[in-house]
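Q: Please take a close look at a single part of this model. I would like one connected account of its surroundings.

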Amino acid sequence: MFSRLFSCLSVFLATSILITPTTAIWPAPQSFTNGSSVLYLNQNIRVTYNGAFIPYTYGYVPSSFSSKEFVQAGVSRTLAGIFDSKFVPWILHKPGAKYEPNPLAEGLKWLKTLQIIQTSEDKPSAFKPLAGEVDESYNLTISVEGDVKLTAVSSIGVLRGLETFSQLFYQHSAGTFWYTPFAPVAIEDAPKFPHRGILMDTSRHFFPVEDILRTIDAMAMSKLNRLHVHVTDSQSWPLVIPALPEVSEKGAHHPSETYSPADIERIQKYGAYRGVEVYFEIDMPGHIGSVALSHPELIVAYNEQPYHWWCAQPPCGAFKLNNTAVDEFLETLFDDLFPRLVPYSAYFHTGGDELNKNDSMLDEGIRSNSSEVLQPLLQKFIDTQHSRVRDAKLTPVVWEEIPLEWNVTLGKDTVVQAWLGGDSVKKLTAKGHKVIDSNYNFWYLDCGRGQWLNWANGPAFQLGFPFNDWCGPTKSWRLVYSHDPTAGLTPEEAKLVLGGEVALWAETIDPINFDTIAWPRASVAGEVLWSGRTDASGQNRSQIEAAPRLNEFRERLVKKGVRASPITQAFCVQGEPWECEFAPA
Ligand SMILES: *[C@@H]1O[C@H](CO)[C@@H](O)[C@H](O)[C@H]1NC(C)=O
Ligand SMILES: *[C@@H]1O[C@H](CO)[C@@H](O)[C@H](O)[C@H]1NC(C)=O
Ligand SMILES: *[C@@H]1O[C@H](CO)[C@@H](O)[C@H](O)[C@H]1NC(C)=O
Ligand SMILES: *[C@@H]1O[C@H](CO)[C@@H](O)[C@H](O)[C@H]1NC(C)=O
Ligand SMILES: *[C@@H]1O[C@H](CO)[C@@H](O)[C@H](O)[C@H]1NC(C)=O
Ligand SMILES: *[C@@H]1O[C@H](CO)[C@@H](O)[C@H](O)[C@H]1NC(C)=O
Ligand SMILES: *[C@@H]1O[C@H](CO)[C@@H](O)[C@H](O)[C@H]1NC(C)=O
């Protein structure tokens with residue numbers, strides 16, 4: 001109905017000589033039509049939420065976890081974000097192009113109302129949902145008369161719709177005008193997958209809270225909704241556990257490189273307000289060597305050499321698998337940590353990747369590297385720790401090796417994170433596991449930048465040359481975009497894929513280069529996860545259609561203070577899409 005109406009309008013409006021930027025919402029809405037009328041936005045727009053007036057207040061932070069508070073803060077961020085964006089789209093146009101409306105000659109037609117209607121009450125789980133527990137869909141219309149209507153089932157859907165709304169606006173080069181050249185607009189939108197995430201690794205390098213908050217901002221812009229913090233590993237333990245203060249005191253890289261309980265709460269709340277659930281991973285029983293610095297009696301193989309007999313990278317270290325002191329340590333740790341996480345998280349990740357069987361050779365209580373001996377011990381370890389996770393009202397997540405390599409039986413609720421590619425997702429879903437996909441061939445964004453290990457002159461040099469890392473090549477945005485987490489699955493198997501995460505393992509990433517490596521490629525995976533790998537007609541989404549939108553979205557990220565990398569040269573950003581195709585039709 002809308003599209004017929006708008007095709008009539010487009011004939012009528014075709015006389016306009018204004019060259020507009022592309023309509024560049026990222027990720028692409030499921031359905032979108034636009035016109036070519038210009039509407040201006042100012043601070044007098046009247047915003048209502050289910051009929052009640054909502055004031056717009058700069059810097060408004062929710063005073064409680066309530067739908068109205070979340071929406072009021074969302075409206076405030078959205079309007080402030082538009083007014084502060086400084087995004088004049090000259091950068092998208094060839095010099096000399098008339099890209100802007102002329103308010104003096106054409107007059108100003110203002111947006112009058114923004115009517116927000118939430119059609120259902122939020123369940124408490126809306127603010128820390130399990131996959132599928134919150135409906136993020138929304139519809140958005142803007143009439144040529146200047147009335148905006150945003151409907152959504154949940155307050156999180158309202159936030160998604162507000163983000164889309166803000167991406168329709170530009171700042172005028174004359175300064176104090178903000179406009180959309182796309183009225184009327186009609187959008188219907190909903191995500192394809194409920195779990196759309198990023199993995200940050202705060203053990204190989206520490207990331208100050210501000211860097212994590214900026215990451216959450218960019219995630220919300222990209223409609224990504226899960227921040228998985230791989231908070232500890234063998235390299236460092238930045239997480240302060242008040243019941244075990246020695247662990248971070250000895251295990252952090254530096255006393256300043258720690259997250260206090262207040263830091264963790266700040267990060268989680270900041271995410272929740274933006275519909276980004278922050279959940280944590282303490283990787284175990286491998287990848288836990290940093291505990292040896294405070295509790296050497298619990299750990300085997302810490303800093304053992306040559307490291308590659310004991311783990312994938314130095315300094316190694318795994319929990320003793322048949323030791324009651326390990327269990328007591330974890331009980332104290334979890335009793336301290338889980339009650340603080342659970343108000344804002346539905347999940348807790350217990351890791352489980354890359355456990356090297358040799359480690360238990362050094363365990364005086366085991367002295368074996370045989371699967372037959374180790375498998376039952378690992379099963380018991382996981383059962384015990386996962387029942388603690390469940391007792392705290394969290395849902396466990398593990399890496400794929402736990403079920404696929406170790407044949408550990410997991411609870412039905414447990415989510416398995418796939419990363420090894422090949423047919424991992426197929427094997428896991430065929431066994432009935434819920435899966436999030438982080439296939440390293442596509443979605444490991446740290447890959448392809450060379451080795452971090454050093455190679456001695458002589459045979460080692462020859463062996464290492466040309467010093468590529470294990471997972472190259474670099475995953476270009478086009479490669480990231482080509483990945484469909486449900487490729488090759490039956491419809492039943494595909495239903496078990498909750499979504500995916502891009503990973504930013506931090507061996508050679510710290511706050512200095514994180515943004516340029518993460519963005520905009522994480523947003524590209526965000527589009528696959530929100531909009532789907534294929535479009536409404538079932539065709540693969542096109543790089544040629546996507547590139548101009550991604551160029552514009554990248555500019556929006558940059559204006560927000562996110563140091564997102566360019567995806568092409570300025571000539572192509574300012575050009576027509578066909579100019580930079582490999583084989584123009
Ligand atoms: C929608 O916006 C695009 C700019 O991306 C413009 O070229 C097109 O004419 C608009 N559609 C209509 C129907 O006006
Ligand atoms: C969006 O519009 C479609 C079609 O009218 C309707 O089925 C759907 O329920 C609407 N969604 C919301 C969140 O209002
Ligand atoms: C275990 O250690 C032996 C040497 O004792 C080594 O040959 C083997 O490759 C190691 N296994 C793994 C999985 O690293
Ligand atoms: C694990 O520990 C228990 C109790 O100390 C012991 O009886 C058992 O033999 C150990 N299992 C293995 C595989 O070493
Ligand atoms: C187990 O240890 C033996 C003796 O060191 C070694 O030869 C073998 O490769 C190890 N097995 C694994 C799976 O690492
Ligand atoms: C898991 O099962 C597979 C297939 O039966 C087997 O090859 C593998 O050795 C088992 N792994 C362990 C650790 O028991
Ligand atoms: C669509 O993308 C898939 C990979 O996701 C690729 O294998 C296939 O060749 C593409 N189809 C076309 C027509 O390009």
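Is glutamine 167 buried or exposed, and why?

A: The model is predicted. In it, glutamine 167 has a relative accessible area of 1%, and because the limit for a buried residue is under 20%, glutamine 167 counts as buried.

Glutamine 167 sits in a loop, with helix H4 (155-166) on one side and strand S7 (170-171) on the other. Apart from neighbours within four places in sequence, the residues in contact with glutamine 167 are Ala24, Ile25, Trp26, Met221, Glu552, Phe553 and Arg556. For one of these, tryptophan 26, there is a polar pairing: a polar atom in the side chain of glutamine 167 lies 2.8 Å from the backbone nitrogen of tryptophan 26. Threonine 23 is 144 residues away from glutamine 167 along the chain, yet 8.7 Å separates the two C-alpha atoms.

Elsewhere in the model there is a closed barrel of eight strands, in the order S9-S10-S11-S14-S15-S16-S17-S18, with parallel pairing. From one strand to the next, the twist averages 30°. Strand S10 (residues 226-232) is joined to strand S11 (residues 277-282) by six bridges in the parallel sense, and threonine 232 has isoleucine 282 of S11 as its bridge partner.

Valine 397 has valine 415 in S16 as its bridge partner. S16 also runs parallel to strand S17 (residues 434-437), with four bridges between them, and valine 415 is placed opposite lysine 434 of S17. Between S16 and S17 the chain passes through helix H11 (residues 424-430), in a β-α-β crossover that is right-handed. Within S16 (residues 415-418), the side on which Val415 and Gln417 point is opposite to that of Val416 and Ala418, and all of these residues are buried.

Helix H9 (residues 371-391) lies across S15 and strand S14 (347-349), and the angle between H9 and S15 is about 145°.

Around ligand 6 are Ser371, Gln375, Glu405, Trp406 and Asn407. A nitrogen atom of ligand 6 is placed 3.1 Å from a polar backbone atom of glutamate 405. An oxygen atom of ligand 6 is 2.3 Å from an N or O atom in the asparagine 407 side chain.

Definitions and conventions. Residues are numbered from 1 along each chain as its sequence is written. Chains are lettered from A and ligands numbered from 1 in the order in which they are written. This is a predicted model: local features need pLDDT of at least 70, side-chain atom pairs count only at pLDDT 80 or more; totals for chains, interfaces and linings use all residues. Side-chain values use heavy atoms; hydrogens and water are left out. Buried means under 20% relative accessible area, exposed over 50%, partly exposed in between (1.4 Å probe, protein chains only). Helices (H or I, at least four residues) and strands (E, at least two) are DSSP runs, numbered from the N terminus. Two strands pair if DSSP finds at least two bridges between them. A crossover is right-handed if, with the strands pointing away from the viewer, the path from the first strand over the helix to the second runs clockwise. Axes are lines fitted to C-alpha atoms, for helices over the stretch in contact, and angles run from 0 to 180 degrees between N-to-C directions. Contact means heavy atoms within 4.5 Å. A residue is near a molecule or strand if one of its heavy atoms lies within 4 Å of it. A polar contact is a pair of N or O atoms within 3.5 Å; within protein, one must be able to donate a hydrogen and the other to accept it, and residues adjacent in sequence count only if both atoms are side-chain atoms.
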